[in-house]
Amino acid sequence: MTRYKLTFILTALLLLFTPSCSKDSFDFSPYHAYFVFDNSIHQNSVLQSAVNPLSPGVFCRIYEVTEGKTVYIYFESNQGGEPKPAKLTADEAKRSRMLGLYNKTGIIVGYGNLSSPAVLYAYDSQCPNCYRETNMMAYKLNMSANGIATCPKCKRKYDLNNNGLCANGRKLDKYRANCTGQLGILSINN
């Protein structure tokens with residue numbers, strides 16, 4: 001067998017046994033996100049309600065605020081009320097964070113109410129349509145109690161309970177999310 005034939009056969013076998021991309025590989029945002037938060041330390045009640053699979057439809061926006069040298073992570077519920085801050089520990093403050101496109105507007109996390117079992121979603125809090133049109137991170141979505149996020153500029157509505165779908169535009173940028181429980185560790189990445 002010639003070297004050419006052997007190379008061809010080995011290449012063909014390699015391609016045959018290489019796993020293909022799954023359908024949901026393309027469901028997630030191409031943008032980088034990385035966030036790990038241990039709620040057993042902070043016990044933030046807003047986050048607890050959003051990561052409870054028994055209360056689907058409750059979502060919270062997670063964003064960062066720096067005051068002097070102190071870093072706070074804020075949790076804002078779609079059910080109303082004041083955002084609840086959590087002061088990061090020294091070790092947590094050193095850890096890298098990328099709360100979607102822009103740390104100051106953050107990500108939206110919660111369980112959707114349209115599937116059983118409920119699905120944990122993590123979305124970017126920027127309007128994807130306005131962002132792609134202008135390349136500016138100035139379009140923070142407004143959340144409502146019924147699980148709809150609305151862009152104040154273009155007025156598009158996104159269904160947080162249904163994979164971030166939008167009737168008249170591109171759907172929300174979605175990130176991979178995992179949580180070990182209400183008082184556990186929330187991790188978001190892409």
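Visitor: Is K171 buried, partly exposed or exposed?

Guide: Please keep in mind that this is a predicted model. Buried means under 20% relative accessible area and exposed means over 50%. K171 has a relative accessibility of 25%, so K171 counts as partly exposed.

Visitor: Which residue does K171 meet in a salt bridge?

Guide: A salt bridge pairs a side-chain nitrogen of Lys or Arg with a carboxyl oxygen of Asp or Glu within 4 Å. Here the side chain of K171 meets that of D27, with 2.4 Å from N to O. This pair links distant parts of the chain, since K171 sits in the loop between β10 and β11 while D27 sits in the loop between α1 and β1, 144 residues apart.

Visitor: Which residues are linked with D27 in a network of salt bridges?

Guide: The network links D27 with K171 and K174. The side chains of K174 and D27 meet at 2.3 Å, N to O. K174 belongs to strand β11 and D27 to the loop between α1 and β1, so this pair ties together parts 147 residues apart in sequence. K174 counts as buried, because its relative accessibility is 8%.

Visitor: How many salt bridges does the structure hold?

Guide: The structure holds six, and one of them joins D173 to R132, whose closest N and O atoms are 3.0 Å apart. D173 lies in the loop between β10 and β11, and R132 lies in helix α5, 41 residues away. D173 counts as buried at 7% relative accessibility, whereas R132 counts as partly exposed at 29%.

Conventions:
Residues are numbered from 1 along each chain as its sequence is written. This is a predicted model: local features need pLDDT of at least 70, side-chain atom pairs count only at pLDDT 80 or more; totals for chains, interfaces and linings use all residues. Side-chain values use heavy atoms; hydrogens and water are left out. Helices (H or I, at least four residues) and strands (E, at least two) are DSSP runs, numbered from the N terminus. Buried means under 20% relative accessible area, exposed over 50%, partly exposed in between (1.4 Å probe, protein chains only).
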